[in-house]
Amino acid sequence: MSLILQAKAQINELAVFGSPPLFATAKSTSNLVKPDFDTFLRYSKIFHDKRRYTNDGSLVKLLEQRLAEFHGAKFCVSFCSGFWALALTISVLATKGKSEIIMPSLTYRRMSDIAAWVGLTPRFCEVDPDTLAVSATTVAACMNDKTALILGVHPIVNCCDVEGLIDLAEANNIPLLFDSVESVYETIPTGKIGSFGHAEVFSLHASKLLNGFEGGYVTTNDAALARELALLHGFGFEGPDNIVFPGGLNAKLNEIHAAMALASLDDLEAQVDRNRERYQAYQQTLAEITGLRLLAFDETEKTSYKNIVIELLPDWPLSRADTLRILNAENILARAYYTPPLHHKAMAYPHIECDLPVTDQLAERFVLMPCGHFVTTTDIEAIVTLLKFMADHADSIKQRLAEQKASAHVSR
Ligand SMILES: *Cc1c(COP(=O)(O)O)cnc(C)c1O
């Protein structure tokens, strides 16, 4: 990477101080899987020849069957998005007459909105600082006689405490739904993600491990739940014009999205291999920098190596805001991990105010780094070389940033 070192030999050469960025095109933290285009076209020819574009066509059926097998679940029901898969599954599973849904605050930013759509009040719980995920302990602290459902959300690296949550939910007779969007490929000692709790929800959004442009699906072993969800996502119709289920809506997956998702599923093992290579590139290069800790994937289990998260340790010399500013100026679209947490989000619907000191601390410390199909190991070496440069020149960078802020203030 001598070329890059040359490029950023002085702090003047940083893009944040007006020089050209390190990358001409943005390096994103979204996975952006690129399924094989010919495979996508081959699948697409099936719906095109049959002239059936949606409404449980053959590709949607094939996808559901393959995903159920993949996750070791009896049933899979597809949806137009992960959002509606979550909302409709929550609406079916939540205990009637109870009003609260327990979910982490350090999570996907739309999670509380989903609760509002189904008329439940989110009660935010802490996460375990080691897993960054909900655990039986953090959920138990929020349970009360209004609890309608527990939403066990997997973190973006490794899995949450599946067994602990199952035991807790069963002991208290509370429905348990997993948001497993970030754990599609993962296993735990007792089995494959997708086969636990009352149901598990996944997304096929283009930024996730399986890319169906947009889409989502639910896996479950509960036949009655699967049937109800299949009715709900298609207006509540069973056969033409026979509404057996009020409250259904159009949340179906269509054939072209299923074609893309099938092409993505065919490519999954290769995608995980590529992700492992990128993860190892980060692992090797980051080992030379003190102050940054790469979150490690649990390699004793199956893991997607999808997301790259680093922790800024106390001896990292720059603030997270300045670190992100410098990286973003170079077209390295690193992002703060799940920030702000949901309990600080402005919400126009009922929610429960709470103090979550562990979440507040964790929300300040982590950064999501570029990953996925469009980030090469050479890109990663260049990114980490830049981080090293930032650490080595932190004092002069901080001084220059302060001057920049002061002069921006004067000229205003
Ligand atoms: C993206 C995401 C969702 C929502 O999926 P969409 O298909 O984009 O609606 C839900 N949960 C988590 C954890 C996510 O990251």
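User: Hi! Which residue does Asp267 form a salt bridge with?
Analyst: Its partner is Arg274. In this predicted model, the closest N and O atoms of Asp267 and Arg274 are 2.7 Å apart.

User: And is Asp267 buried or exposed?
Analyst: Asp267 counts as buried, because its relative accessibility is 16% and the cut-off for buried is under 20%. Arg274 is partly exposed, at 23%.

User: Where do Lys8 and Glu330 lie?
Analyst: Lys8 is in the loop between α1 (2-7) and α2 (37-50), while Glu330 is in the loop between α11 (320-329) and β12 (335-336). The pair therefore ties together parts that are 322 residues apart in sequence. Both Lys8 and Glu330 are buried.

User: What about Arg123, which residue does it form a salt bridge with?
Analyst: That would be Glu100, with the closest N and O atoms 2.7 Å apart. Arg123 sits in strand β3 (residues 121-125) and Glu100 in strand β2 (residues 100-104), so this pair ties together parts 23 residues apart in sequence. Glu100 is buried at 3% relative accessibility, whereas Arg123 is partly exposed at 23%.

User: Which residues are linked with them in a network of salt bridges?
Analyst: Lys146 joins in: Glu100, Arg123 and Lys146 are linked in a network.

User: Switching to strands: how many bridges join β1 to β9?
Analyst: Five, and the two strands run antiparallel. Across the pairing, Cys76 stands opposite Thr219 in β9.

User: Is β1 mostly covered or exposed?
Analyst: Mostly covered: four of the five residues in β1 (residues 75-79) are buried.

Definitions and conventions: Residues are numbered from 1 along each chain as its sequence is written. This is a predicted model: local features need pLDDT of at least 70, side-chain atom pairs count only at pLDDT 80 or more; totals for chains, interfaces and linings use all residues. Side-chain values use heavy atoms; hydrogens and water are left out. Buried means under 20% relative accessible area, exposed over 50%, partly exposed in between (1.4 Å probe, protein chains only). Two strands pair if DSSP finds at least two bridges between them. A salt bridge is a side-chain nitrogen of Lys or Arg within 4 Å of a carboxyl oxygen of Asp or Glu.
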